[in-house]
Amino acid sequence: MPGNAANRYVCIHGHFYQPPRENAWLEVIELQDSAHPYHDWNERITAECYEPNATSRILDDGGVIKNIVNNYSRISFNFGPTLLSWMEAYAPETYAAILEADRASMRNFGGHGSAIAQVYNHMIMPLANRADKETQIRWGIRDFESRFKRKPEGMWLAETAVDTETLEMLAAQDINFTILAPRQAKAVRKTGASEWHEVNDRTVNTTKAYRCNLPSGKSMVLFFYEGDISQGIAFNGLLNDGKGFAERLLANLDESDLEPQLVHVATDGETYGHHHKHGEMALAFCLDYIEKDTRARLTNYAQFLELNPPEDEAQIQENSSWSCVHGVERWRDNCGCNSGKPGWHQQWRKPLREALDWLRDAALTIFEQEGSKVLRNVWAARNDYINVVLKRSEENVKRFLKDHAHSEASANRILRIMEMQRHAMLMYTSCGWFFDEISGIETAQVLQYACRVIQLANQIGDVDLEPEFIRLLEQAPSNVAHYQTGGGVYAKAVLPARTNLQRVGIHYAVASVFEDEPESLLVFNYSTSNESFIKKEAGEQKLVLGITKVKSLVTRSEKKFAFAVIYLGKHNIIGNISLDMEPDKFAGMQFRMVKAFEEGRLGDIIGLMQMYFGPEKYTIWHLFQDEKRKILDMIAQESMAELENSLRKSYNQDYPLINALANNTIPIPTTYKTVFEYVLNADLKKTFESDKINIKEMERIVAELARWNLKIEDPGKLARLAGESIYRELNRIGAERENVKRIQRLNRMFPLLEKFNLDPNLHKSQNLYFEISMENKHKDKAAADEAWTEQFNLLGTNLGVKVE
């Protein structure tokens with residue numbers, strides 16, 4: 001007798017995660033050129049995966065979009081807390097869609113949200129000490145509660161790495177379940193049976209939930225995901241066909257099994273769109289297909305658990321994970337697991353962990369000794385510090401201090417102690433060991449967090465941990481000759497990023513030359529406030545003098561600086577800074593320097609700077625990376641504008657001559673063709689950047705390009721600008737739905753884009769068109785709107801959208 005379809009379920013879990021990439025001092029992600037054309041990898045993967053899964057397309061047989069859906073609302077998922085923190089600030093629409101998906105999933109799945117929590121910064125739990133395990137779990141839960149406004153029912157373990165102590169600590173925090181790989185099951189039995197049956201990744205029944213009874217008397221429910229299908233999704237092309245994906249899941253149901261069955265898979269969430277282009281569309285089609293099928297229904301783990309409490313028990317393979325066949329050795333030894341660089345070893349992994357373990361323990365000694373002087377209970381304070389990390393407001397800091405600090409304690413000292421511990425956990429982020437080379441950006445990142453620990457330990461405990469740490473890192477061999485060892489990586493890739501208040505002051509002084517209103521400027525997570533500020537300009541040249549106070553918004557440390565900067569044009573800047581200049585001395589310096597500047601005596605200004613500040617100078621190269629790039633781009637744009645004006649003058653003056661040459665079949669000099677091509681490309685760029693679409697100008701440009709047989713210089717950039725122009729115009733159409741001319745004008749743009757051979761990214765425009773269409777579906781359209789409706793439907797054709 002076949003099983004009942006009502007007790008057959010499918011669940012797809014996505015583990016959405018990026019390692020924390022923020023500069024350990026600035027608390028922002030600096031420019032990552034490897035992520036080009038995006039600013040950084042978080043931004044790129046959001047564009048390729050996280051956002052598309054919130055607005056995923058389902059296509060009809062003709063390849064036209066018929067529906068746009070939020071995949072997160074129909075799957076099980078977890079997001080890394082540090083990723084959500086970034087997303088809240090830099091991708092707020094996607095962030096909001098993820099939160100809304102969890103609310104929608106509660107409606108879909110019997111009141112159980114599909115989001116589950118994650119250990120805070122992806123630390124390998126079996127390799128962590130007990131205190132870090134507890135804080136990782138508590139912080140992960142608190143972060144989840146602050147975002148999803150409910151308690152998590154499940155928790156994702158980094159790399160699914162597990163041991164019994166970790167399960168005990170999950171259970172102690174009222175977590176009901178976690179998800180593991182099939183090879184992490186050691187033995188199973190029916191509840192009440194005495195005999196255990198050993199299993200492996202091929203023999204464990206993954207369609208059941210298992211209860212793992214723990215030594216404390218508590219228990220944890222374990223779901224062992226289906227390994228072959230998960231492997232097919234991640235590596236073997238199963239996302240090439242949404243229907244095939246769905247059928248593969250449904251085919252795993254056992255027709256002869258009368259008991260409840262859950263076919264469930266788990267992969268990195270980035271599989272759906274980043275690792276596999278359009279993977280989110282295969283997922284959307286798969287989910288839609290299963291929803292319409294009668295063989296099973298979609299669910300999430302918490303709903304399945306409520307409907308089908310475990311009738312089986314399981315034991316785990318201690319110290320096991322989903323991405324290392326050797327257990328957890330990938331994160332502490334040269335086990336052979338790597339990402340595939342031929343000829344490279346990972347002998348650096350063990351000494352790296354030993355160095356970080358030494359640093360962690362040294363910092364813990366300082367934490368307990370110095371923390372106990374200012375905090376009532378150092379461990380309770382550490383576990384509660386997540387409330388400050390989530391929102392660094394004055395109110396939250398005051399509440400934290402009230403709850404944990406001795407009344408006379410310094411807020412700055414307490415915050416430094418807490419930050420030392422936060423970075424001592426961040427330095428264990430698993431990606432630091434996952435890849436092939438110690439100089440990779442992921443490992444350099446964890447070393448940067450270690451560098452911040454060393455700096456804070458020195459400020460708190462007046463101890464220099466750096467020499468011994470570097471000595472230990474020198475035992476970690478690099479595959480790259482430039483670095484030789486981990487010590488070389490630390491010296492060449494980490495120490496140049498180290499920041500203190502003085503470096504922020506230097507940055508502010510140099511950057512103030514280019515700011516319109518620098519009087520109170522935020523420099524990443526530092527504030528600045530001026531006691532004195534004066535700026536003088538003479539053509540290209542600028543002189544800036546001031547006294548400013550720089551304050552860390554994290555630790556509340558602050559210092560006052562006097563500075564002077566002279567800008568000589570282009571990228572030529574000379575600046576000086578002083579920590580201890582008296583106000584009278586500064587006033588005298590200011591008078592003499594301003595006078596010299598107004599009289600054009602630049603040599604005297606430089607001499608005065610040396611006299612008052614000493615020989616050490618600062619230039620544009622001392623700026624933080626993003627600001628440096630921004631200013632250099634601005635300077636370059638000014639030079640490019642001058643070049644364009646010169647070329648445009650030639651274009652306008654010599655056009656009749658070139659026309660005459662062409663009419664008389666005389667070859668046109670290549671130089672003139674280059675000038676024409678540059679000017680016409682610049683005109684097209686300005687057209688796309690304009691607030692109003694100028695069809696006549698586009699028609700002129702396409703005709704000129706064709707006449708002179710010229711090409712588009714940067715099609716990628718122009719396509720992006722064209723997509724942004726379409727989106728801006730569609731926003732206006734949504735607000736002015738009676739304006740037929742506006743929508744006609746936009747429709748005329750699409751044939752021109754084909755002539756330019758530009759393929760703009762229409763993703764956001766398709767989303768907006770779909771949204772407007774859904775609103776229009778519920779409105780009665782009068783005859784007067786027929787022309788608008790006709791044009792709107794044509795726009796849908798141009799955008800590739802036809803709402804069901």
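Predicted model: local features only at pLDDT ≥ 70, side-chain atom pairs only at ≥ 80, totals over all residues.
**Entry 1: helix H28.** I looked up H28 and found that it runs over residues 786-799, with 14 residues. From its first C-alpha to its last it reaches 20 Å, close to the 20 Å expected at 1.5 Å a residue.

Entry 2: Which residues of H28 are buried? I listed Trp788, Gln791, Phe792, Leu795, Gly796 and Leu799. They lie on the same side of H28, because they cover an arc of only 155° around the axis. I then checked the face turned away from that buried side, and there I found the exposed residues Glu786, Glu790 and Thr797.

**Entry 3: the cover.** What covers the buried residues of H28? I found that the cover includes helix H25 (715-735), helix H26 (740-755) and helix H27 (763-777).

**Entry 4: the cores.** I turned to the largest nonpolar core, which has 170 residues. Among those with the most contacts inside it are Ile12, Tyr72, Phe245, Leu249 and Phe469. Helix H10 (residues 349-374) gives the most to this core, with 10 residues. I also noted a second, separate core of 48 residues, which includes Ile65, Leu684, Ile695 and Ile701.

**Entry 5: Met87.** Met87 is also one of the residues with the most contacts inside the largest core, and I looked up what it touches. Leaving out residues up to four places away in sequence, Met87 touches Thr46, Tyr50, Phe79, Pro92, Thr94, Tyr95 and Ile98. Of these, Phe79 is itself listed among the residues with the most contacts inside the core.

How values were computed: Residues numbered from 1 in each chain as written. Heavy atoms only, no water. Helix = DSSP H or I, 4+ residues; strand = E, 2+ residues; numbered from the N terminus. Expected span 1.5 Å × (residues − 1). Buried < 20%, exposed > 50% of the residue type's maximum accessible area, 1.4 Å probe, protein only. Arc of directions from axis to C-beta. Contact = heavy atoms within 4.5 Å. Core = buried A, V, L, I, M, F, W, Y, C linked by side-chain atoms within 4.5 Å.
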